[in-house]
Amino acid sequence: MGLEKIIALDTMTAEDGISVAVKGALEAVEKYDCRVILVGDECKLKSLCPSHNNISIENASEVIGMDEKNPIRAVLKKPDSSVVVAARLVAEGKAQAFVSPRNTGATGIAAKKYLKCLEGVDKIPIVVRMPTR
């Protein structure tokens, strides 16, 4: 049996809103046979997400927005922000990866703070989907 794929998804910073993140999570669990942990405002997420065996919710009471001028300070001052909680879930072994759709600086700082880099890798990688057609 292979490793179970569990992805922590920061839902609070989605440009088009939480509902888009929830919709994407529902599509992902069906298409990729994985589990998704929705990270964000638990009350909002429960109202938007139907009960599903492969989706769970992890509450996060803070958000790091795009208007944050200093991502390092934001990560340190908002330990219960959705992006930080998502990174911690990976560090704690509750997820294998985390995804955050917005503040790249805060995402990178949270990853660097809570996760180990691969040997020889000093910079934070950024993954971009490139169209092939």
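## Pocket lining

The lining of the largest pocket holds 25 nonpolar, seven polar and six charged residues. The model behind these values is predicted. The volume of this pocket is about 1,400 Å³. Its lining counts 38 residues, and those closest to the centre are F98, V99, S100, P101 and V127.

Strands of a sheet pair through backbone hydrogen bonds, either parallel or antiparallel. Here, four strands form an open sheet with parallel pairing, in the order 3-2-1-4. Strand 3 and strand 4 stand at the edges with a single partner strand each, so one side of each has no neighbour in the sheet. On average, neighbouring strands are turned by 25° against each other, direction ignored.

Strand 1 pairs with strand 2 over five bridges, in the parallel sense. One example is L9, whose bridge partner in strand 2 is L38. Strand 2 (residues 35-40) and strand 3 (residues 55-59) also run parallel, joined by five bridges. Here V36 has I55 of strand 3 as its bridge partner. Between strand 2 and strand 3, the chain passes through helix 2 (residues 42-48), and this β-α-β crossover is right-handed.

## Helices on the sheet

Helix 1 packs on the sheet and touches strand 1, strand 2 and strand 3. The direction of helix 1 makes about 165° with that of strand 2. Helix 4 (residues 82-91) lies across strand 1, strand 2, strand 3 and strand 4. Helix 4 runs at about 145° to strand 2.

Terms used. Residues numbered from 1 in each chain as written. Predicted model: local features only at pLDDT ≥ 70, side-chain atom pairs only at ≥ 80, totals over all residues. Heavy atoms only, no water. 1 Å grid on protein atoms, 1.4 Å probe; cavity = no way out; pocket = protein on both sides within 12 Å on 5 of 7 lines; lining within 4 Å. Points joined across faces, edges and corners; volume = space filled by probe spheres on them. Nonpolar A, V, L, I, M, F, W, Y, C, P; charged D, E, K, R; others polar. Pairing = 2+ DSSP bridges. Helix = DSSP H or I, 4+ residues; strand = E, 2+ residues; numbered from the N terminus. Right-handed = clockwise from strand over helix to strand, strands pointing away. Axes fitted to C-alpha atoms, helices over the stretch in contact; angles between N-to-C directions. Contact = heavy atoms within 4.5 Å.
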